[in-house]
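Here is a walk through one protein model, taken a few residues at a time. Keep the structure in view and find each residue as it comes up.

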Amino acid sequence: MLKSFLRALSVSMLIIGTMIGAGFASGKEVVTFFGAVPNMFIALITGVLVFCCSALFLFVGRRVKKTDIGEVNGVVFGKLRPFADVFMLFNSMTVLGAMLAGTDSLASEFIDILPVASIVMGLLCAVIAVKGLSGVIKANAVLVPIMIVFLCVCSVAAIEFPFRAQTGSINMYSIVLYVSMNMILGGGVLTTVHKLSPREIILASAIAATVIAALLMCIMGALQSCAAAYADMPILLIALKNGRIMYFVAIPVIATSIFTTMLSAFKSVYDYVLGFFKHKIIAAGTVLVGGLIVGAFGFSNVVGTLYPIIGIIGLLYLACNCWYLIRTRVKREVKRKAKRLKSKMSKT
């Protein structure tokens with residue numbers, strides 16, 4: 001029972017770590033998709049959708065039983081696999097570039113050493129990604145809890161009490177795009193996880209969804225109490241409101257959040273590139289160079305322009321994965337009924 005819970009917990013940390021990247025932890029994604037003063041009820045809707053998407057990808061992984069996203073796409077999309085591969089590659093490379101750009105943006109708070117900070121972070125990702133999925137999961141299991149605690153404390157401390165929540169409009173289209181954009185990257189990793197039972201999948205998805213919803217609610221509450229929405233990294237201004245100590249703690253925590261998402265993105269692209277180059281070091285180097293080129297466009301530009309595009313295309317990707325589960329389920333039921341009918345006929 002304990003082992004089952006720990007497996008589910010480790011995967012939930014992987015889901016959370018994939019979502020809490022530079023865009024999420026900095027508050028930039030929240031502002032981009034939901035506005036400067038977002039309605040906090042959006043967090044609850046987002047949590048429900050995160051649960052559904054997490055469960056979807058994990059159930060696909062359980063059924064496909066492949067360790068490479070390219071192989072998963074081959075099973076799910078069939079002849080359309082090349083299109084799915086191109087999209088997932090574009091998605092992962094965009095996120096990787098955003099995380100590398102976010103690293104430089106964060107480092108510039110102290111010193112302008114562009115692009116030394118992103119190169120160092122990228123090299124660290126390369127080392128862990130080369131070791132495989134187990135290394136990614138272990139890194140998330142250690143780092144994600146630290147990020148969760150800090151984001152909660154920092155955001156709640158910035159909220160002015162008595163708190164009066166703003167009742168702005170709720171744009172379902174933006175919410176769906178936001179979840180789609182975030183979960184597509186997770187899908188590139190989650191669909192290669194195939195050792196969880198159905199109960200563990202539900203538990204892992206529920207834990208991840210609850211934590212994401214709670215964190216979003218805290219960040220949105222802080223944004224409503226602090227005029228930080230238009231900063232490159234709003235959470236830094238929110239932290240500064242709580243004093244210099246919180247500000248200096250925020251920087252390494254955001255760096256950690258960047259690293260966990262960068263790790264998942266790097267691993268997804270690396271798996272593809274390895275199929276062409278075969279040599280691990282060359283493949284990892286190619287991925288890093290590609291990410292640095294995308295990141296050269298700047299953190300705000302990548303998040304504000306490319307992330308919504310990923311969300312739109314990602315809806316189709318999600319729908320195809322859902323259809324795969326439905327059609328394979330129907331085929332299994334048809335085979336079972338045919339087997340039962342044959343058994344009855346043989347007895348008679």
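Start with Ser54, which is found in helix 4. Helices here are DSSP runs (H or I, at least four residues), numbered from the N terminus, as are strands (E, at least two). Is Ser54 buried or exposed? Ser54 counts as buried, because its relative accessibility is 0%. Buried means under 20% relative accessible area, exposed means over 50%, and partly exposed lies in between (1.4 Å probe, protein chains only).

A word on the model itself. It is predicted, so local features need pLDDT of at least 70 and side-chain atom pairs count only at pLDDT 80 or more, while totals for chains, interfaces and linings use all residues. Residues are numbered from 1 along each chain as its sequence is written, and side-chain values use heavy atoms, with hydrogens and water left out.

Stay with helix 4, which spans residues 41-64 and also holds Arg62. Arg62 is partly exposed, with a relative accessible area of 31%. Patches take residues with over 30% relative accessible area and no salt bridge; like charges are joined within 9 Å, and nonpolar side chains (Val, Leu, Ile, Met, Phe, Trp, Tyr) within 5 Å.

Now look at salt bridges. A salt bridge is a side-chain nitrogen of Lys or Arg within 4 Å of a carboxyl oxygen of Asp or Glu. By this rule there are four. One of them pairs Asp85 with Arg81, with the closest N and O atoms 2.9 Å apart. Both residues lie in helix 6 (residues 81-107), four residues apart, about one turn of the helix. Asp85 counts as buried at 15% relative accessibility. Arg81 is partly exposed at 32%.

Return to helix 14. Arg329 and Glu333 meet in a salt bridge there (3.8 Å, N to O). They are four residues apart, so about one helical turn separates them. Glu333 also forms a salt bridge with Arg336, at 3.3 Å between the closest N and O atoms. Shared partners join Arg329, Glu333 and Arg336 into one network. Arg336 is partly exposed, with a relative accessible area of 40%.

Finish with a nonpolar patch. Phe110, Ile111, Ile113, Val116, Val120 and Phe248 make a surface patch of about 540 Å². Accessible areas come from the Shrake-Rupley method with a 1.4 Å probe; for residues, only the protein chains shown count as cover. Val116 lies in helix 7 (residues 116-130). Val116 is partly exposed, at 44% relative accessible area.
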